[in-house]
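Please look over the sequence and the structure before reading on.

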Amino acid sequence: MDTGRDGNVDGERAGEGVGDVDVCVVGAGPVGLTLAIGLRRLGLRVRIVDKAPATKREARALVLWARAREALDSLGVGETLRRHGVELEVVTIHARDRALGELTTGWARSAHARPLNIEQHDIERLLSEELARLGTRVEWNTELTDVKVHDDRAEFTLRHEDGTVESAVAPWIVGCEGTASVVRDRLGIPFEGRRRTGLQVVQGNAHPSWQLGEEPGRGHIFLAPHRSLLVFPLPGGGFRFFCFRDDPDPTLTTAPTIGELRDLVAETAGMPGLRLEATEHLWLNRARFSDRVAARLRSGRGLLAGDAAHAWAPVGGHGMNVGVLGAHNLAWKLAAVHRGQAGEELLDTYSDEQRLLAVRYIREMRFNFMELPLPPLGYRAFTATVPAALARRGIQRRLDLRLSDLVRNHRDGALSRHRPGRRRHRGGPRAGDRMPDVALATGSAEDGAGTGPSGRRGRRGRPAALAARVRAVDARPARRTGRRRRPRRPAGGLRRVPGPGPRPPGDALGRRRGPAARSPRRPAARPARRIRRSGRPAGPSRSAPLLPRGARRRGPDARPAVRGAPPAPPAPCALIR
């Protein structure tokens, strides 16, 4: 991208005009890249800058939950991410040197029901490649130093790797550069919240020497007083160790050593002889966190997303996922406003929805006793209830759906107006809910008409692709919205079916159709034949006696036999229930 202009003096670089770029995205993490891809796929011209070098390699976030996977899949990168990650299938809960139970995943009805373990630097690399394929490359080693927003544009200053300074303009600017956001600071938006005390996270990647093995798709959680250890498999082998523990020395800020991590893991897991070997790319980290949410996510032509908008402790591992979902939400709204298809008030709904979602996560995180370190009394009480809870399928399903984010919604948003339908349909999706997966069953079209997979023609002669049957796959277990009525049977479990002879127009159940269905007069009743439980009629010469339910069958081929008359072939509707 050529940003140079003639006439530059004193190391200054003339930037691109307001007509060259539609949106400038600051920060090339998973959130900024997701936003840039979404905008490019909607036809907007995007510029994305990041002060970090292109060779950065920070493991940091690890898990993509089901809803974020769906959002990324809608941008065309879902399958690529899946090939480079490993799906987490089951998590074993340990305490007091024994296994308390297993938490299984994949209960949700989604093409991406299971969480995907993939390193954050791999996510950034794959998203950068997809963005480059769409015609936009990340400008690394480019730092944003100042921002000014006006009624119709945003002016900003960039410092490049060679020290030159560039002044540029774009209709919109979005800050996705983390908690120390320059965009948020220059827009004057408060970052409300407080620092979380008494909690630190010690984490790293390593190969353990233990008897639990390295089964792909299996993770472990070890519970102990004042600490909680999460161990998840990595795509390239080994495990990521997250240890949430108390904070006896808040002044200690250096990264842990592999020895400190080993001692912490061995003590929490109750494995004194445990050894840890560093992975190919050693990564160790000690972190403390604050729970903060920006007072608003929009100020005129400037917006915030990701950690620039909200940040909290990684309890539950949803920080990156919430940011990705916010970027996915912002992309289509910003494109609609920029094209004049919607008013700028639409961007305010993004701010309200995303802030409310972040506040809910912070509130719910306080009750995540599986990961937060507990005092001895709370630890004993919680671990005593875990085996019975994990033995119940309903609890397993609810936990998995809550972690997957598929049941999150924007029902309280300004765009959600729900009018309850008839009573039997009240259990379906509501305004603001996630749109369920939809599978289309289509067929080939011949001479203007098509047939579906079962060979049936489309409705009214149209191709089956236009009359496709839609199967809604909800995140929750399937529920029947209504019951199909069946013809009543006589007492004793017997059925009456029409005998041979002419039949009036109708379907297989004898329901009238066509002109006869509109006649107010009921046609004369047809003679009925009595049949047995098997559904075969009696012989033509005489009627078989009524047989009770469960009557014994006779004959070598297990067909019912009628004395004095050979069996006749069944009537066309004799087997209809």
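In what order do the five strands form the open sheet? The order is S3-S2-S12-S22-S21, and the pairing is mixed. The model is predicted, with an average pLDDT of 79 for the protein.

**The sheet**
- Strand S3 (46-49) and strand S21 (298-299) are the edge strands; each has a single partner strand, so one side of each has no neighbour in the sheet.
- Strand S12 (residues 172-175) pairs with strand S22 (residues 302-304) in the parallel sense, and three bridges link them.
- Across this pair, Gly-175 stands opposite Leu-304 in S22.

**Helix on the sheet**

**Ser-128**
- Ser-128 is located in helix H4 (residues 120-133).
- Ser-128 counts as buried because its relative accessibility is 18%, and the cut-off for buried is under 20%.
- Apart from neighbours within four places in sequence, Ser-128 contacts Leu-33, Val-138 and Trp-140.

**Confidence**
- A pLDDT of at least 70 is reached by 71% of the residues.
- Residues 1-10 have pLDDT below 50, and in the model this stretch has 17 contacts beyond near neighbours in sequence.
- Residues 503-523 stay under 50 in pLDDT, and the model has 20 contacts for them beyond four places in sequence.

Methods:
Residues are numbered from 1 along each chain as its sequence is written. This is a predicted model: local features need pLDDT of at least 70, side-chain atom pairs count only at pLDDT 80 or more; totals for chains, interfaces and linings use all residues. Side-chain values use heavy atoms; hydrogens and water are left out. Two strands pair if DSSP finds at least two bridges between them. Helices (H or I, at least four residues) and strands (E, at least two) are DSSP runs, numbered from the N terminus. Buried means under 20% relative accessible area, exposed over 50%, partly exposed in between (1.4 Å probe, protein chains only). Contact means heavy atoms within 4.5 Å. pLDDT is the predictor's confidence in each residue, from 0 to 100.
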